[in-house]
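Here are a few friendly notes to read alongside the model. Please keep the structure open as you go through the points.

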Amino acid sequence: MTKPIARVEGRKELEEILREIAPREALNLARNTVQAIAQDLRRRMKQKAPVGETRQLSTRISARRRKPRDGIARSSVTVAAPHAIRVEYGTQKMDAIPFITPSVEELRPQIPTLYRELFGKKYEQLLARNAKRTARAVK
């Protein structure tokens, strides 16, 4: 099993607000928000990954939702290509072509803003779904 390159964990402040909604819906909303950020990191890494003949490196980058721990939503981004570390850091015979670190560093300052935007979007979707369910139940 490959080790995660980056972990995105739910921000505690948002999760405290969400707990007031309903524990199950709150955790799902936090998980969706965290997964969306992990998918964004995955997309950035794929764009920056060097492309060889086999395209093996970019096709082996994945973002996976992880099991919540202590009520905290988690996702991880992994690169399953065996040569990813050699590409990222280089070897004696090959210069480094970093694609992981620049992607993480590019995303890092944007995470609080992304949280707010994605949380709002996901929360609006949840409210719309609940309104639709309520409307169907009333009929």
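This is a predicted model: local features need pLDDT of at least 70, side-chain atom pairs count only at pLDDT 80 or more; totals for chains, interfaces and linings use all residues.

1. Residues are numbered from 1 along each chain as its sequence is written, and side-chain values use heavy atoms, leaving out hydrogens and water.

2. You will find six helices and three strands, in the order β-α-α-α-β-β-α-α-α. These are DSSP runs numbered from the N terminus: helices are H or I with at least four residues, strands are E with at least two.

3. Strand 2 and strand 3 run antiparallel, joined by seven bridges; strands pair if DSSP finds at least two bridges between them. Arg64 has Ser76 in strand 3 as its bridge partner. Two residues lie between the strands of this hairpin, and Asp70 in the turn has a positive phi of about 55°.

4. Now look inside: the largest nonpolar core has 23 residues, and Met45 and Phe99 are among those with the most contacts inside it. Helix 2 (23–48) is one of the elements that give two or more residues to this core, and helix 2 gives the most, with six. Such a core is a set of buried (under 20% relative accessible area, 1.4 Å probe, protein chains only) Ala, Val, Leu, Ile, Met, Phe, Trp, Tyr and Cys residues joined through side-chain atoms within 4.5 Å.

Note on methods. Buried means under 20% relative accessible area, exposed over 50%, partly exposed in between (1.4 Å probe, protein chains only).
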